[in-house]
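Subject: Structure handover

Hello,

The structure is below, followed by notes on what was found in it. Please read the notes with the model open.

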Amino acid sequence: MADIQTIAVIGAGIMGRGIAHVAALGGYRTILEDLVPAALRKAESEIRGNLDKGVELGKLQRADADAALGRLEYASSVEQAARDADLVIEAVPEEMESKIEIFTLLDKICRPATILASNTSSLSITEISSVTYRAPRCVGMHFFNPVHKMKLLEIVRGLETNEETLAASVAVGKRMGKETVVIREAPGFITSRINAMIGNEAFYMLEEGIASAQDIDKALKLGLNHPMGPFEMIDLVGLDTRLHILEYLHKSLGEKFRPAPLLVQYVKAGRLGRKSGRGVYEYPAQSPAAAEKKS
Ligand SMILES: NC(=O)c1ccc[n+]([C@@H]2O[C@H](COP(=O)([O-])OP(=O)(O)OC[C@H]3O[C@@H](n4cnc5c(N)ncnc54)[C@H](O)[C@@H]3O)[C@@H](O)[C@H]2O)c1
């Protein structure tokens, strides 16, 4: 099986920084890259904060947290991050053009044996890997938000993904503390397909005036035993990310995934969820002005 020692993570947003956290904690030399310097600074302070919290709560030994921090490096170019990596995990925004651009570049920079993974929530790993000369060593590794807390890793097998790559991805997931499910590629895999459907339906209900966002969330939590309401979830995921997923599912699976007009409107208004300070709900402490002051 491929011997993975160094992992590069491309994109240090909500997901990339979480993936870097669990990779470093799993004992891998980890290099996190983003083209926006502020994103890297934010990632560094969030990873440190989350590790400290783990120690405070008694879930983690101080020595393990410090060792993880010692294994983390930060880079401002894909070349610098990926040239020595045995596994690269891409976590840039959910747009096919961006994924293709990164995979084309990675294929040129990385050693032939390096495995290329995408954290895409819905897109075709077969299509993403088609721009490389290493489709058998390309795979989907779909983590969940927040990565350091969520147990599941969906591993997605593209048309040409080989057994060795799948085995290596499962082994890496295990060292990161994850349970894995390996699935054959299909739009939205298992989780995003179902989650997008529930969240979209909730937006249609809100638009139709059936109930308030708070009551829709309350109904799913207390009546259906969901740990989070659909609007709390979409604010965490990012409304723009969810819209990208729905647009792709609509295109590939048909009418039942047509994005709710109210969701489209919220994204146009810049209401992207927690990350922008306002989504379905408001998060005053994280307003863009407050975030700017912090950085
Ligand atoms: N947000 C979620 O809950 C969630 C869950 C599972 C999977 N995902 C998937 O993870 C991926 C990333 O989503 P996110 O929520 O972290 O997005 P995000 O918007 O929080 O972060 C994306 C980061 O990528 C950086 N970036 C953009 N282009 C880049 C490039 N060319 N090179 C390097 N960095 C670049 C941006 O500066 C940003 O920091 C998407 O494919 C998304 O579908 C998201």
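The shell around the ligand divides into 14 nonpolar, 11 polar and 3 charged residues (Ala, Val, Leu, Ile, Met, Phe, Trp, Tyr, Cys and Pro count as nonpolar, Asp, Glu, Lys and Arg as charged, and the others, Gly among them, as polar). In total 28 residues surround the ligand, and the closest are Gly11, Gly13, Met15, Glu94 and Asn145; a residue counts as near a molecule if its C-beta atom, placed from the backbone, lies within 6 Å of it. Two or more residues of the shell come from each of H1 and helix H5 (96–109). H1 gives the largest share, 3 residues. Helices (H or I, at least four residues) and strands (E, at least two) are DSSP runs, numbered from the N terminus. Domain 1 (6–184) and domain 2 (191–288) both contribute to the shell, so it lies between them.

This is a predicted model: local features need pLDDT of at least 70 and side-chain atom pairs count only at pLDDT 80 or more, while totals for chains, interfaces and linings use all residues. Residues are numbered from 1 along each chain as its sequence is written.

The domain bounds come from an automatic or database domain assignment. The C-alpha centres of domain 1 and domain 2 lie 25 Å apart. Their contact takes 8 residues from domain 1 and 11 residues from domain 2 (two residues are in contact if their C-beta atoms, placed from the backbone, lie within 7 Å). On the side of domain 1 that touches domain 2, the residues divide into 2 nonpolar, 3 polar and 3 charged.

The largest nonpolar core has 78 residues, and Val9, Ile19 and Val88 have the most contacts inside it. Such a core is a set of buried Ala, Val, Leu, Ile, Met, Phe, Trp, Tyr and Cys residues joined through C-beta atoms within 7 Å; buried means that 20 or more other C-beta atoms lie within 10 Å of the residue's own, again placed from the backbone. Helix H1 (residues 14–25) supplies the largest share of this core, 8 residues. Leaving aside neighbours within four places in sequence, Val88 is in contact with residues including Ala8, Ile10, Leu106 and Cys110.

As for the whole protein, there are 13 helices and 8 strands. Buried residues make up 44% of the 295 residues. The C-alpha atoms fill a box of roughly 55 × 45 × 35 Å, taken along the principal axes.

Regards

Definitions and conventions. A residue is buried if 20 or more other C-beta atoms lie within 10 Å of its own, exposed if 12 or fewer, and partly exposed in between; C-beta atoms are placed from the backbone.
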